[in-house]
Amino acid sequence: MTTPLLQVRGLVREFGHGPGLVRAVDDVSFDVMQGEALGLVGESGSGKSTTARCVLRLIEPTAGEVRLDGEDMLALGGPALRRLRSTAQLVFQDPYSSLNPRMTVADIIAEGIRIHRPRESSTTVKDEVVDLLELVGLRPDHLTRKPAAFSGGERQRIGIARALALKPKLLVCDEPVASLDVSIQAQILNLFADLRERLDLTLVYIAHDLSTVRHLCGRIAVMQDGKIREIGTREQIYEDPQHEYTRALMAAVPEPDPRSERAKLAARRSAQTTEAGRP
Amino acid sequence: MVAGVAASALVLGACSGGETEETADDTGGAEVTIALPEEPRTLASWNAYSNDGHPVLRNVTEALLNRDPDSNELVPELATSWEQIDDTNWQFTLREGVTFHDGTPFDAEAAATSLNFVLDPENAFPMRTFLGPDVTASAVDEFTLNVETESPDPILPTRLYFVTIPSPEQVDDPDGYETNPIGTGPYAFESWNRGQNIVLTANEDWWGAESDEAMGEQDIAQATYVFRPETEVRAGMLSSNEADLAPRITSEQCEAAPVCESTPTVETVVLRLDTPNPLLADQRVREAIALAIDKDQIMNDILGGGETVGQIVGPGAVGYADLEPYPYDPDRAAELVAEAQADGVDVTAPITVIAREGFILRASEAVQVIAAELQEIGLTGATSETQETAAFEEQWTIGYDNIPEDRAWAGLQQHGQELMDYAGSIGGYYSCDGQTSAYCAPTLEDMYAEAVTTSDDERQEALAAIAEYVYEEVPVVPIGQPNFNFGMTERLEWTPRMDGFILLKEMTVSE
Amino acid sequence: MVLRYLGKRLLHAVLVLASVLVAVWFVVNAIGDPARLILPPSASEQLYLDTRESMGLNDPILVQFWRSVSGWLTGDFGISVWQNVPALPLVLERLPATLLLTTVTLGVAVPLALALGIISALRPEGPLDRTLTTISLAGVSIADFWLGLMLILVVGVHLQLLPTSGYGGLEYAVLPATALALRPLGRLAQVSRSAMVEEMQKPYITTLRAQGMPEHTIVRKHALKNSLIPIITVGGDEIATFLNGAVVIETIFAWPGVGGLFIQAIERRDLPLVTACVFVIASMIIVVNLLIDLAYLWIDPRTALTETRRRRAPWSRAAGKNRSTSKSSQSPSTSPTTSPLAAAGGADTGGSTR
Amino acid sequence: MTTSHSSGRAPGRRLARFVWHHKLVSLSALVLVVAVGSALLVTWIAPFDPYAQDVAMRNRPPLTPNPDGGIHLLGTDPLGRDELSRVMLGGQISLTVAAASVVVSGLFGTTVGMIAGYYRNWFDDVVGRLVDLQMSVPSLLIALLVLYVLGPSFVNVVLVLAVTRWMVYARVSRGLVLALREELFVEAARSLGAPGRRIIVRHLLPNILGPILVLATLELAVMMLTEASLSFLGLGIQPPESSWGLMLAEGREYLTSAWWLVAVPGLAILLTTLSVNIIATWLRSRSSQAQFSKVTIGEGI
Amino acid sequence: MSTQARSDTSAPVEVGQAMLSVRDLTVTFPSADGPIRAVNGMSFDVRPRERLGIVGESGSGKSVTAQALLGLTPRDHTTGSIVFEGEDLLTAPQDRLRALRGWDISYVFQDPLSALDPTRTVGHQVAQPLLLRRVPKKEAHRRAVEMLGEVGIPDPARRARNYPHQFSGGMRQRVMIAMALIGQPRLVIADEPTTALDVRVQAKIIDLLYRLTDEQGVAVVFITHDLGILAGLAERVIVMYAGRVMEECSTDELYYRSIHPYTLGLLESLPRISGPVPERLLTIGGGPPAPSRLPTGCPFHPRCQYVQPECRTTPPPLERPPGGEHASACLRAAWLAERPGELR
């Protein structure tokens, strides 16, 4: 394999101070190769979102090293940082709050272009925006509408188009389907799979949900309490989880399969009874 | 802290003293309530001269002399007679058998102590405004008081009419002097609830009860003074029987009151012109202003009634000259302005017709009317303005030398001539060093310097000559003598005095 | 925890009070020359210079400032220029009257406002609600001094039902209190309406209904108590607005309170008295706010522990502190429009006068 | 199953429908249109010259005919000026003062509040202290003090009013921004590399503008009442200019003898502020941002 | 409207064995754009001791249904009948309803933080249903503590004195369950009780709910958007879409032999944690309609891959195949049933 697109070493982020100090991210290290999709799985408070934001420097890390495309993210500032931002983009969980309700779809998608190429002619910008819309499966006549006119899935597509406008190499997705209806989730997951293929994107995909990650990511890191508990290929994690926490997660995930679910329920109940039976 | 305890002890003392008197009330006598526009700043006897102090203090403390309410002549009060011994010494024969409310007997020694205290330049009580040269009082014998002035002062008795005499005990009690007045007057101080009221009760041991010279009686047993800054409220209290007397109300309110007493005053409304200003320096312009103002309208329609005058003192004063009010002649005024303009005077330069707020009732309306009248005659730069008291006062009294040339005030103000002597008014309004002067002329300075040293007829002549001189020069436009309006309830019988004093002893109550 | 919280609030109060004094000192000393103001206009130049000297006005500004500060520390605000007695006791003498007026006004306005607010909130958008809302809007729209004059004229002078002005028994307080009560009444009625409407839409109210609690018990025991938080928050702000009105109303009715005294002091440029008035009025507001802090503590147990409530001191540092930690704990909740009740409309929390 | 709503009705009928359903709001709007209209057009539509004095015609009751023709519908004032023309002129100044101070305080307060709320740094602390301080002294006291320093004039009154109310906008806009900056679209803009200024202007401002405008409407009423109080105490607008508050102050001495001098400007203030408040409250109730109604109900009025 | 005529005949379950019998339940909310039908002619039964799952996406009306079951929707906007043990809750007097609520029928809410009064102690709130029935304070408190212990809150006597904000999400949901069960109800309605929780906590809450209701013989209506949760918990499942019942059958029937295109689409589009990873997920196109803008005919027809022309005009009634228990509101149910084998 080539050199990693993203290198994270010893990343730490603390919140608060004194007795209230919380280490949301605690010495996290991982690599993401060009073209790879890495899943970052954990429950709420596991630090996965904070990790992602530290990587993009939307939150300043307390300590650690982040290298994107060979450049030290944390050493940069001002215009250089802004330029580097265009190589890594974020897709958000909540498609409702992540789009400015007062802007048109065209303005939302074009914003990145306007920031980074302020002298671009408006026709060029418009052409690019139309291309992006088509790329994510929306129609050009959507351009002049405002986000309120769209459903959750469509909004998420707008959010993706916005992230892609800067032609990033790395796309960090923070639970992009968690707020969507079940029947929409699959559409968006498919879109990600398509985009990866067509644009040679590298993905860091964050989720609390083991099943979507499994569908999309070749390699998966399991986080708990700010630490990476286990990292490995899809097969390793799902077929043969090593860490106790991973196994506990797997056991708790409900599957739409009555037989296996009933079996799991029974297993948990008997485990509980034996636990309760202990002094 | 110690002072505070002492003060409260005094208040307690006053209260307990009052109780015995309250039992006396039961024997008869009326209670009245008087609604004043403002609360006295202090009850120290020196404040008996001022607008806020006299309604209360002039009933508690008395002066050596009083004025006859009808003739306005000086008459005996605590002094039975007086004479001028030489240029600088005056002797007063004092009334016998008078005691202060605290029991201290009134004699020449007591009077000298108190007068010296009240007039001491070191104390610098504001009442000293009314006094000329420094004064020293001393006892000649038990009831003869000698008052010596540093330099000759022909009108000393007139000045002493303002100076009331507190108990000598108060000289060593600064806190008590401020809050608990002790005098010889017909009414004794009972209580002062700051912000609410002051109560006076009849003094049983008042000398005037047996003397006609006091020119009054104690028909009222207790008087309560309350403070209502809103004229409408003061007037309303008469209708609702909450107050028996409300001074300083508008003529409309007075007419609406159960009884309205309107009386001429010793005050003159004047328009003082800033003569250092290039435009107002022109005599024709000043005269034009004098002719442009419809003085009768201002006095009777706006200010609520009063005589128009041609000089800044009234007929009772020494130095009063027989001068007609400037006529209302806008056409002539316009001609004068046009003449001045032809001579190159910029008649369109700004003039500010300005007044001190709240001092003259409706001043704000009057200045607007005057400004409009000035515009009529071609002084198109005329505007009007009212200023709050302190700011106005500061600018009003900067003196001729300090008036900036670009200031063109036509200041509407009220001039009190309580001394009944023109000299003081000239010193204030026309002389180069006058505190309130905006005019300076060498001729006048000479006339004035000579006039002040004279007395009697000679003085009258000298001063009247000055009056005629300034009538031509018009540095100040006299407008009129406004009436004071007193609203009263039906049961109160009282005729206001020219000097404005509100004396309880002159009131009677019919039940 | 609770003590620590109270200690912090108390310290904050003292600091605010100190800053008020400092600010006023600088404003007041910019007004003019204190010596000029004390002396009569005719005072000689020499006397003026002597007075300046004796008042210490020739000292460096910092020395003067320090003298004032050390005075404040001992409760000495100087001698009133107007009445020639120590300023602070003069103001404190007026405090009971203002407190009485405040108590009478708010004692009537607050319960009435709560009642009106609750009645409105029970049937939002109903005819009664609309009528009451319009009335409360009229209350906040009226110029209090105008109302005061009208009351004097009609009730005092024409009908002679009540004294026109002055200070005495409760009957004297009725008219000024009425003139003053309308604005807080209107404000608080609106606030309590919207607070109640909002509270009644909260899920825990549904829980109580689902437990079989009668509606009036829900309103009385739960919704009212919890909606008190925004109500007393605004009530605290309202104290300052109330004192605005008191300044004018006390002057008109010759009510011997601090507000009227302030106007008199400022008219006479009585600097020590002005400072003392501001000090006492600011203290009143700050004490009320401390009481409100205590009320928070009583109503909402979370106050002392987290300090995350929206406080009257709007800028309290704690307000958004937990953001960074809550960020990572964002749970996959359903999106805002997925609640069918919300989508179905009728979720109106604001006041309305359609 | 769906109820279709025709939007293609004639505008006249839609207006009629609106008026029918919102009688009070429509009435208020009408009052405001009249007030603003007569204020703007006073020079042209005033029945008499509002500055023309005629002391001979002073304090005439409503409906008195003028000897030179015309009728004084609302009577005359103590200088014989037409009360109706004066009240129109007074409205011009009252409304201008109110509007100008709303604009000044709104611009300043909103800017400060947004910056404080977005950056949450030392500036936020400083502004917070200032607001705390100002909330501890009644605004009228501050206004009176400052006007004594500066002296009353149109500009100073506007400035003082703005000084006493800027923190309302600062508080509301800061509160709204604090909530908005948690919205992901702000973070999205940051991740696109948008600088703070752009985020404030392009993303935050449009989203708080609606609420701020409603707040400004509420403040208009507050400003009118405060200006009236200041003028009443003699520290606001000075004669011969006129404002409703000043007219009240001047008229109060004639309360018993010429009731219209107090009743007319008093009712003008009442009707205008009430209309403004009704419309603002209606606008607020339409605003979907619950956060906002919570914030503004606590402020204003 | 056509459903109304058929609703009685098409009732999938005999009334006799049901403890709760819902017929033609319709909840309409007024809005600026005209009335919105949140629930549209729902009919179903709940049998004693049964665990019934209701699954639906946003806007499907499942939460409104839950609230209607307790009479918490405004009565003038609710039509049909909800018969609980022979009593119609929609016509019963309010007092009677209040007596039933929290005692015979209780409710577990989605968001346990906002569903608890922030200013009362947890113990007080759990004891509330008892206090409302005049159980002495001491006794009520004792039972509340006992109940808190039973739902797995450690040191319940101390924790009873705490306030809701001092509990974690999972613990709060346990408090809600304690509150729901303290009156020993016969029916518990749980509205998305685990949605806000992490998977491990979710599993524990489900286990707890399962155990308690199983032990106490309580019937449960479990409402969720998550088909995975119901798979292990429910005995019978109702699939809702746009305020209507799409399919109703036993759990195994639904997951393995669904005869409704919507359910089928849902099941196919779910990514799973076991089995082969497909290159692409099969999807239902489009999205669920907003309650204010429902299509005519079958509400699912714009997204349905088996759509027929008549689907666009008439909403198909909920029908059971002759002799079966498996109800589906689809014209092509019979055709779908023909398809061989299990889904997986």
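## Exercises on a predicted model

Of the eight pairs of chains in contact, chains C and D share the most contacts. The model is a predicted one.

**Exercise 1.** Determine how helix 14 and helix 15 of chain B are oriented relative to each other.

*Solution.* Step 1: locate the helices. Helix 14 of chain B covers residues 442-451, and helix 15 of chain B covers residues 456-473. Step 2: take the geometry. The two pack at an angle of about 160°, and their axes are 9 Å apart. Step 3: apply the cut-off. Angles over 145 degrees count as roughly antiparallel, so helix 14 and helix 15 of chain B are roughly antiparallel to each other.

**Exercise 2.** Describe the residues through which helix 14 of chain B meets helix 15 of chain B.

*Solution.* Step 1: list each side. Helix 14 contributes Thr443(B), Leu444(B), Met447(B), Tyr448(B) and Ala451(B). On helix 15 they meet residues including Arg459(B), Leu463(B), Ile466(B) and Val470(B). Step 2: sort by type. The contact between the two helices of chain B divides into 10 nonpolar residues, one polar and one charged.

**Exercise 3.** Which chains does no contact join to chain B, among them chain A and one other?

*Solution.* Step 1: take chain A. No contact joins chain A and chain B, and their closest C-alpha atoms lie 48 Å apart. Step 2: take chain E. Chain B and chain E are likewise joined by no contact, with closest C-alpha atoms 46 Å apart.

**Exercise 4.** Summarise the make-up of chain D.

*Solution.* Step 1: count the elements. Chain D has 12 helices and two strands. Step 2: consider burial. Of its 301 residues, 62% count as buried.

Methods
Residues numbered from 1 in each chain as written. Chains lettered and ligands numbered in written order. Predicted model: local features only at pLDDT ≥ 70, side-chain atom pairs only at ≥ 80, totals over all residues. Heavy atoms only, no water. Axes fitted to C-alpha atoms, helices over the stretch in contact; angles between N-to-C directions. Helix = DSSP H or I, 4+ residues; strand = E, 2+ residues; numbered from the N terminus. Parallel < 35°, antiparallel > 145°, perpendicular 65-115°, else oblique. Contact = heavy atoms within 4.5 Å. Nonpolar A, V, L, I, M, F, W, Y, C, P; charged D, E, K, R; others polar. Buried < 20%, exposed > 50% of the residue type's maximum accessible area, 1.4 Å probe, protein only.
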